[in-house]
Amino acid sequence: MAEKRILVVEDETRIAEILERYLRAEGFATERAGSGKRALELWRAFQPDLILLDLMLPEMSGLEVARTIRAKSDVPILMVTAKAEEVDRLLGLELGADDYITKPFSPREVVARVRAVLRRSGGGSLRPRVYRVGKVSVDMSAFEARCGEAAVALSPTQLRLLAALAKADGRVLSRHELLDQLGEPYVDARTVDAHVKNLRRRLGSCGAQIETVRGVGYRLRALP
Ligand code: CA
């Protein structure tokens with residue numbers, strides 16, 4: 001089996017070096033990013049199977065990095081934080097961090113967590129990421145939506161919204177849950193309503209419809 005690729009995002013050189021040394025000794029291939037911007041570049045170029053992401057980074061925070069990546073990819077993210085009190089907030093935000101580890105940590109513990117997360121996630125970034133409801137399919141690897149064979153032109157926000165609804169598999173999502181998926185921290189719940197309205201128009205009738213569940217939220221349901 002090809003060696004798994006781990007992207008180590010850490011601005012403290014000493015810690016990053018130790019992590020890389022341990023991970024390489026365990027047979028992983030690694031790349032290192034010292035900033036959020038570099039992390040996003042390497043996420044695209046290196047295509048890691050897992051991202052070890054420090055929360056406290058200069059300029060762009062680990063949270064922003066996670067949000068940006070999660071909007072487009074299901075690559076497992078293992079968050080690293082020096083603040084234990086941040087952990088609840090992180091999990092509460094449902095940023096899609098697959099696990100977290102608090103500093104100070106032993107490198108052995110990190111390697112064990114990396115293995116555990118990779119095991120749980122199956123093929124890592126190789127997982128199929130196409131969600132289907134009715135004739136609607138959303139492919140988040142290709143970042144596109146289709147109605148049957150025909151591509152549907154959607155804005156990135158509309159696409160994320162549709163992916164969240166399709167992934168929920170008929171479950172009702174609240175506006176707040178949908179907001180979390182949009183990766184736009186400053187929009188309010190009413191904006192979700194506007195996005196849904198536009199998305200409905202774009203989708204047209206495609207064997208599925210976005211239903212409003214009054215007082216709760218939205219769901220995407222296949223039409224009989
Ligand atoms: Ca740091």
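The largest cavity of this predicted model is lined by Val8, Val9, Glu10, Leu19, Leu52, Leu53, Asp54, Val80 and Phe105. A cavity is here a set of points, on a 1 Å grid over the protein atoms alone, where a 1.4 Å probe fits but cannot get out, and lining residues have an atom within 4 Å of a point. Its volume is about 30 Å³, a volume being the space filled by probe spheres set on the points, which are joined across faces, edges and corners. A search of the whole structure finds one cavity of 30 Å³ or more. Strands β1 and β3 each supply at least two residues of the lining, and β3 gives the most, with three; strands (E, at least two residues) and helices (H or I, at least four) are DSSP runs numbered from the N terminus. By class, the lining has seven nonpolar, no polar and two charged residues. In this classification Ala, Val, Leu, Ile, Met, Phe, Trp, Tyr, Cys and Pro count as nonpolar, Asp, Glu, Lys and Arg as charged, and the others, Gly among them, as polar.

Residues are numbered from 1 along each chain as its sequence is written. Local features need pLDDT of at least 70 and side-chain atom pairs count only at pLDDT 80 or more, while totals for chains, interfaces and linings use all residues; side-chain values use heavy atoms, with hydrogens and water left out.

The calcium ion is coordinated by Asp11 (OD), Asp54 (OD) and Met56 (O), at 2.1 to 2.4 Å. Asp11 lies in the loop between β1 (5-9) and α1 (13-25), and Met56 in the loop between β3 (50-54) and α3 (62-70), so that parts of the chain 45 residues apart are linked. Donors are N, O and S atoms within 2.8 Å of the metal (3.2 Å for Na, K and Ca); because water is not among the atoms, sites may look incomplete. Asp11, at 32% relative accessibility, is partly exposed, as is Met56 at 47%. Buried means under 20% relative accessible area, exposed over 50%, and partly exposed in between (1.4 Å probe, protein chains only).

The loop between β3 and α3 also holds Glu59, which is exposed at 78% relative accessibility. Glu59 has a positive phi of about 65° although it is not a glycine. Most residues other than glycine have a negative phi, and most peptide bonds are trans. The peptide bond from Lys103 to Pro104 is cis, with omega near -5°.

Attention now turns to the nonpolar cores. Such a core is a set of buried Ala, Val, Leu, Ile, Met, Phe, Trp, Tyr and Cys residues joined through side-chain atoms within 4.5 Å. The largest has 29 residues, and those with the most contacts inside it are Val138, Leu162, Leu178, Ile210 and Leu220. Helix α6 gives the most to this core, with seven residues. Apart from it lies another core of 20 residues, including Leu40, Ala66, Ile69 and Met79.

A disulfide (a pair of cysteine sulfur atoms within 2.5 Å) is formed by Cys147 and Cys206, whose sulfur atoms are 2.0 Å apart. Cys147 lies in strand β8 (residues 144-147) and Cys206 in the loop between α8 and β11, so the pair ties together parts that are 59 residues apart in sequence. Cys206 is buried, with a relative accessible area of 0%.

Key: 1 Å grid on protein atoms, 1.4 Å probe; cavity = no way out; pocket = protein on both sides within 12 Å on 5 of 7 lines; lining within 4 Å.
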